[in-house]
Amino acid sequence: MTTSLIILASVIVLMALSIRIIQQQKVAVVERLGKFQRLMHPGLNLFIPIVDRVRVYHDLRIQQTNVPPQSVITRDNVQVLIDTIVFYQVVGPEQATYGIFDYVLGVRNITTATMRQIIGNLELDETLSGRERISAEIRTALDEATEKWGVRIERVEVIDIKPPVDIQEAMDKQMKAERNRRAIILEAEAAKQDMILRAEGDKASKVLRAEGERASAELHALGQARAIIDVAEAEKTRIKLLMEAGLDDRVLTYKSFEALEKIAMGPANKIFLPTTAVETLGNIGAIGDMLKSSKN
């Protein structure tokens, strides 16, 4: 019975050792007797103990590695410190295992070498403004090398480019001067726009004032014309009423004589009579006859 228990326990242990569970987005490289045999993918996998062994597990997710800051000299002999990060993904687990000893270290070394070569052909200003160009060239160089390693470069980012302290201070002063210059230009433009707006406002005000004065003059002229018309209409009506009342020339002559009498009673020493006054005085005899006939 003891032997049976030992055999049963051995079978259970052997079965436990023969089963491998691989997590999602991971893969295991299996060797049999020291030679590559197969890949174990996510899920339940059978495994022969003693004969088979797992060489390495690979993570198939996108990963990143920080390249240590590198001191690089530009074409104009300025030493800059560049910090870079690389995003990569294992697409060929077998090549990543047997194609290179350490693909992460290989990625870092190629990044450093390529960076030195690229920056050596650029001046400081081109280096500071050419991050995208530097990243693109590093990625191209990495793609050519890592294709044989079963590794795909997803992205390369230049995080920071630090020039020497003295150059950084000079750049800060230059940027400050540039900001001051832009501020002066903006202030001048604002003053110019303010003067233009004020001039346009003054012009519009004068135009409106002139239009108002013109409209007032037109209304005043229309009022005077209307008053003259009303006076003429009233005179016309008065004359018409006088004519309808039967007034003839003798009555009008008598009225003229009364007007002359009132003028003569005034304080003036001299009286200027119109030419028609002579005719009025010539009609006095006719007025006397009219009065006599009115008494009878």
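**Entry 1: helix H5**

For packing I took a contact as heavy atoms within 4.5 Å. Buried means under 20% relative accessible area, exposed over 50%, and partly exposed in between, with a 1.4 Å probe and protein chains only. Helices (H or I, at least four residues) and strands (E, at least two) are DSSP runs, numbered from the N terminus.

This is a predicted model: local features need pLDDT of at least 70, side-chain atom pairs count only at pLDDT 80 or more, and totals for chains, interfaces and linings use all residues. Residues are numbered from 1 along each chain as its sequence is written, and side-chain values use heavy atoms, with hydrogens and water left out.

Which residues of H5 are buried? I listed Ile134, Ser135, Ile138, Leu142 and Thr146. Looking down the axis of H5, I found these buried residues within an arc of 95°, so they line one face of the helix. The arc is that of the directions from the helix axis to the C-beta atoms. An α-helix has 3.6 residues a turn, so residues three or four places apart point the same way. On the other side of H5, I noted Glu132 and Glu144 as exposed.

I then checked the length of H5. The helix covers residues 131-146, and its 16 residues should span 22 Å at 1.5 Å a residue. The end C-alpha atoms are 22 Å apart, which agrees. The expected span is 1.5 Å times one less than the number of residues.

**Entry 2: helix H1**

I turned to H1, residues 2-17. H1 also has its 16 residues reaching 22 Å from first C-alpha to last, close to the 22 Å expected. How many residues of H1 are buried? The number is 0, so H1 lies largely in the open.

**Entry 3: aromatic pairs**

I searched the whole structure for aromatic pairs and got 2. Rings of Phe, Tyr and Trp (its six-membered ring) pair if their centres lie within 6.5 Å; planes under 30 degrees apart count as stacked, over 60 as edge-to-face and the rest as tilted.

Phe36 and Tyr98 form an edge-to-face pair, 5.9 Å centre to centre with 75° between the planes. Phe36 is in strand E3 (residues 35-40) and Tyr98 in helix H2 (residues 93-98), so this pair ties together parts 62 residues apart in sequence. I recorded Phe36 as partly exposed, at 26% relative accessible area. Tyr98 is partly exposed too, at 37%.

Tyr88 and Tyr103 form an edge-to-face pair as well, at 5.9 Å between centres and 75° between planes. Tyr88 lies in strand E7 (residues 79-90) and Tyr103 in helix H3 (residues 103-120), so the pair ties together parts 15 residues apart in sequence. Both Tyr88 and Tyr103 are buried.

I also found Arg20 over the face of Phe47, 4.4 Å from the ring centre. A charge counts as over a ring if NZ of Lys or CZ of Arg is within 6 Å of the ring centre and within 35 degrees of the ring normal.

**Entry 4: around Asp76**

Where does Gly120 lie? I placed Gly120 in helix H3. Gly120 is partly exposed, at 29% relative accessibility. Not counting residues up to four places away in sequence, Gly120 touches Ile73, Thr74 and Arg75. Gly120 and Asp76 are 44 residues apart in sequence and 8.6 Å apart, C-alpha to C-alpha.

Asp125 belongs to helix H4. I noted Asp125 as exposed, at 60% relative accessible area. Asp125 and Asp76 are 49 residues apart in sequence and 9.8 Å apart, C-alpha to C-alpha.

**Entry 5: positive phi**

Most residues other than glycine have a negative phi. I looked up two exceptions.

Leu33 has a positive phi of about 55° and is not a glycine. Leu33 sits in the loop between strand E2 (26-32) and E3. Leu33 is exposed, at 72% relative accessible area.

Asn77 has a positive phi near 60°. I found Asn77 in the loop between strand E6 (63-73) and E7. Asn77 counts as exposed, at 67% relative accessibility.

**Entry 6: whole chain**

Last, I logged the totals. The chain has 9 helices and 8 strands. Of its 296 residues, 22% count as buried. Residues 24 or more positions apart account for 63% of the contacts with a separation of 6 or more. The chain exposes about 21,500 Å², and carbon and sulfur atoms supply 59% of this area. Accessible areas come from the Shrake-Rupley method with a 1.4 Å probe; for residues, only the protein chains shown count as cover.
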